[in-house]
Amino acid sequence: MADRIEQISDDFYSIRGSFKIGGLLDIGTHAALVRKADGRFVMLDSYTLKDDVEAQVAALTEDGALLDAILNLHPFHTVHCKRVHAQFPNAKLYGTVRHAKKAPDLPWQTLTTDDPALHASFAEDFEFSVPAGVDFISDNENIHFSSVLARHRASRTVHVDDTLSYAQLPGVVRMFGWNDVFAFHPTLGTALLRKAGAAAAFRTWAQDIATRWRDTTTMATAHLGIWQAPAEGAFEERVLNALNGVESTLAGHARKHG
């Protein structure tokens with residue numbers, strides 16, 4: 001996939017990049033540049049900027065002078081952190097505990113991106129949500145379910161890494177009536193905490209973001225695509241449909257663990 005910027009609104013720029021599995025299958029990845037109410041910027045997640053994308057970001061941020069912070073929201077998305085910090089060394093660098101462990105030489109801020117205190121400090125511009133009932137940083141390096149979801153208030157855009165996925169399906173599939181996929185990451189079953197109430201906690205969390213963020217107009221996902229709401233309330237409907245799609249997983253977990 002060619003690196004590019006998709007402008008969602010006057011203040012939200014989704015940076016679309018390349019990420020190849022096994023060096024062959026490009027599922028894409030992302031970051032976002034977001035203008036705050038005070039006119040300055042933050043970056044959500046890290047992606048190495050090159051060529052036209054780098055030039056566009058430099059122009060918007062006055063060569064990084066207007067970039068206040070880089071918020072790394074997914075514990076397992078760490079590949080580009082060093083290079084983005086090198087590009088914007090004056091921006092405050094935030095991440096999770098795993099980010100700091102993977103790159104201890106970087107000047108990480110004390111607050112982690114899953115900390116409610118950090119969420120409060122950016123509350124004028126963003127709402128954040130951390131999935132409940134699941135392991136935020138799994139000991140299993142292959143479980144990438146959980147991340148911090150960020151919703152930009154002004155543009156009503158949700159920026160999400162692996163927790164939720166969206167992809168448009170190829171034309172041959174759409175012939176059978178399936179237009180796209182809007183779903184929770186398939187590792188949910190292994191990400192759920194092995195304790196009573198975990199499935200119920202996750203279900204409640206998903207229902208909450210569906211209702212609280214129901215007027216969302218756009219969801220930018222790390223891999224494959226950007227979803228645009230066709231009507232108000234569509235986000236709530238799609239999240240609840242995605243939740244219904246994992247109900248058997250949640251029910252099975254509840255039978256086993258309570």
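Let me start in the loop between helix H1, residues 51-61, and strand S7, residues 67-71, because that is the place of Glu62. This is a predicted model, and I ask you to keep that in mind throughout. Phi of Glu62 is near 55 degrees, a positive value in a residue other than glycine, and at 53% relative accessibility Glu62 counts as exposed. Asp63 is found in that loop between H1 and S7 as well, and for Asp63 phi is near 60 degrees, again positive in a residue that is not glycine. With a relative accessibility of 66%, Asp63 counts as exposed. As background, most residues other than glycine have a negative phi.

Let me now step back to the protein as a whole. How many helices and strands are there in the protein? There are nine helices and 15 strands. The radius of gyration is 18 Å, close to the 18 Å that the globule rule gives for 258 residues, so the protein is as compact as a globular protein of that length. Along its principal axes, the C-alpha trace spans about 55 × 45 × 40 Å. Buried residues make up 50% of the 258 residues, while the accessible surface comes to about 11,900 Å², with 52% of that belonging to carbon and sulfur atoms. If we take the contacts between residues at least 6 apart in sequence, 59% of them join residues at least 24 apart.

Next, a pair of helices. Helix H7, residues 198-212, packs with helix H9, residues 247-257, at an angle of about 150 degrees, and their axes are 8 Å apart. Because an angle over 145 degrees counts as roughly antiparallel, H7 is roughly antiparallel to H9. On the H7 side the contact is made by Ala198, Ala199, Phe202 and Arg203, and on the H9 side by Glu247, Leu250, Ala251, His253 and Ala254. Sorted by class, this contact has six nonpolar, one polar and two charged residues.

The place of Tyr13 is in strand S2, residues 12-17, and at 9% relative accessibility Tyr13 counts as buried. Leaving aside neighbours within four places in sequence, Tyr13 is in contact with Ile5, Glu6, Gln7, Ala31, Ala32, Leu33, Arg35 and Leu60. One of these partners is Ala31, and the C-alpha atoms of Tyr13 and Ala31, which are 18 residues apart along the chain, are separated by 8.7 Å.

Val34 is found in strand S5, residues 29-35. Is Val34 buried or exposed? Val34 is buried, with a relative accessible area of 0%. Its contacts, again setting aside neighbours within four places in sequence, are with Asp11, Phe12, Arg40, Phe41, Val42, Leu44, Phe126 and His152. Val34 and Glu54 are 20 residues apart in sequence, and their C-alpha atoms are 15 Å apart in space.

Which residues is Thr113 in contact with, leaving aside its neighbours within four places in sequence? They are Leu71, Asn72, Leu73, Tyr94, Gly95, Thr96, Leu118, His119 and Val148.

Key: Residues numbered from 1 in each chain as written. Predicted model: local features only at pLDDT ≥ 70, side-chain atom pairs only at ≥ 80, totals over all residues. Heavy atoms only, no water. Axes fitted to C-alpha atoms, helices over the stretch in contact; angles between N-to-C directions. Helix = DSSP H or I, 4+ residues; strand = E, 2+ residues; numbered from the N terminus. Parallel < 35°, antiparallel > 145°, perpendicular 65-115°, else oblique. Contact = heavy atoms within 4.5 Å. Nonpolar A, V, L, I, M, F, W, Y, C, P; charged D, E, K, R; others polar. Rg over C-alpha atoms; globule rule 2.2 N^0.38 Å. Buried < 20%, exposed > 50% of the residue type's maximum accessible area, 1.4 Å probe, protein only. Areas by Shrake-Rupley, 256 points an atom, 1.4 Å probe, with all protein chains shown as cover.
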